[in-house]
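Here is a short report for a first look.

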Amino acid sequence: MNKCSDLISQLPDIVASLQSGKLVEFETHGFSMVPLLRDGGDRVILKKADKPLAVDDVVLCKTDDNRYVLHRVVSVNDGYTLKGDNSVLTEHCSGDSDVIGVAVAFIRKGKIIEATDKKYLFYVRHRALFIKLWRLFWSVADRLVKIFR
């Protein structure tokens, strides 16, 4: 059994713990949240979502196609649109009933980084700026290609 299926088999316990108000910690797997979370070495701490999610929250959610992902909220409208920091594609989560938990901290090399930490928030803001510049670059490049065809 692979590590992701191990996590899925633990989901009932994770949900029960979160519903009872406990924090849940587990090792992350996959590459969709690189550079924030690295495969197999980093950990995430979740709590039950006690308020509506906001853009940039990192959540464990069941997507509309019945997959479980730990991704970032990129938009809130008619549910939640999710995207990994290292992903091109987005997923959709229908609403709060599909949200399993929201990240309150990340653990890398034994160091706890809270989701309210200034360095983490700088990363989140920096990431958003990078994406905006990347989109601007490709928009300009696309226009230049059309001009010179």
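## The disulfide

Cys61 and Cys93 are joined in a disulfide, with their sulfur atoms 2.1 Å apart. The term disulfide is used here for a pair of cysteine sulfur atoms within 2.5 Å. By this rule the count is 1 disulfide. The link ties distant parts of the chain: Cys61 sits in strand E3 (residues 58-62) and Cys93 in strand E6 (residues 91-93), 32 residues apart. Strands (E, at least two residues) and helices (H or I, at least four) are DSSP runs, numbered from the N terminus.

The torsion about the S-S bond of Cys61 and Cys93 is about 75 degrees, so this disulfide is right-handed. Cys61 has 1% relative accessibility and therefore counts as buried. Cys93, at 0% relative accessibility, also counts as buried. Buried means under 20% relative accessible area, exposed means over 50%, and partly exposed lies in between (1.4 Å probe, protein chains only).

## How the model is read

This is a predicted model: local features need pLDDT of at least 70, side-chain atom pairs count only at pLDDT 80 or more, and totals for chains, interfaces and linings use all residues. Residues are numbered from 1 along each chain as its sequence is written, and side-chain values use heavy atoms, with hydrogens and water left out.

## Gly95

Where is Gly95 found? Gly95 lies in the loop between E6 and strand E7 (99-108). At 13% relative accessibility, Gly95 counts as buried.

Neighbours within four places in sequence aside, Gly95 is in contact (heavy atoms within 4.5 Å) with Gly79 and Tyr80. Asn77 is 18 residues from Gly95 in sequence, and their C-alpha atoms are 9.3 Å apart in space.

## Aromatic rings

A pair of aromatic rings is described by the distance of the centres and the angle of the planes. Rings of Phe, Tyr and Trp (its six-membered ring) pair if their centres lie within 6.5 Å; planes under 30 degrees apart count as stacked, over 60 as edge-to-face and the rest as tilted. The count by this rule is 3 aromatic pairs. One of them is Tyr120 with Tyr123, a tilted pair at 6.4 Å centre to centre and 35 degrees between the planes. Both residues lie in helix H2 (residues 118-147), 3 residues apart, about one turn of the helix. Tyr120 and Tyr123 are both buried.

Phe137 and Trp138 have ring centres 5.1 Å apart and planes at 80 degrees, so their pair is edge-to-face. Phe137 counts as partly exposed, at 47% relative accessibility. Trp138 is partly exposed too, at 47%. Ring pairs also link Phe106, Tyr120 and Tyr123 into a cluster.
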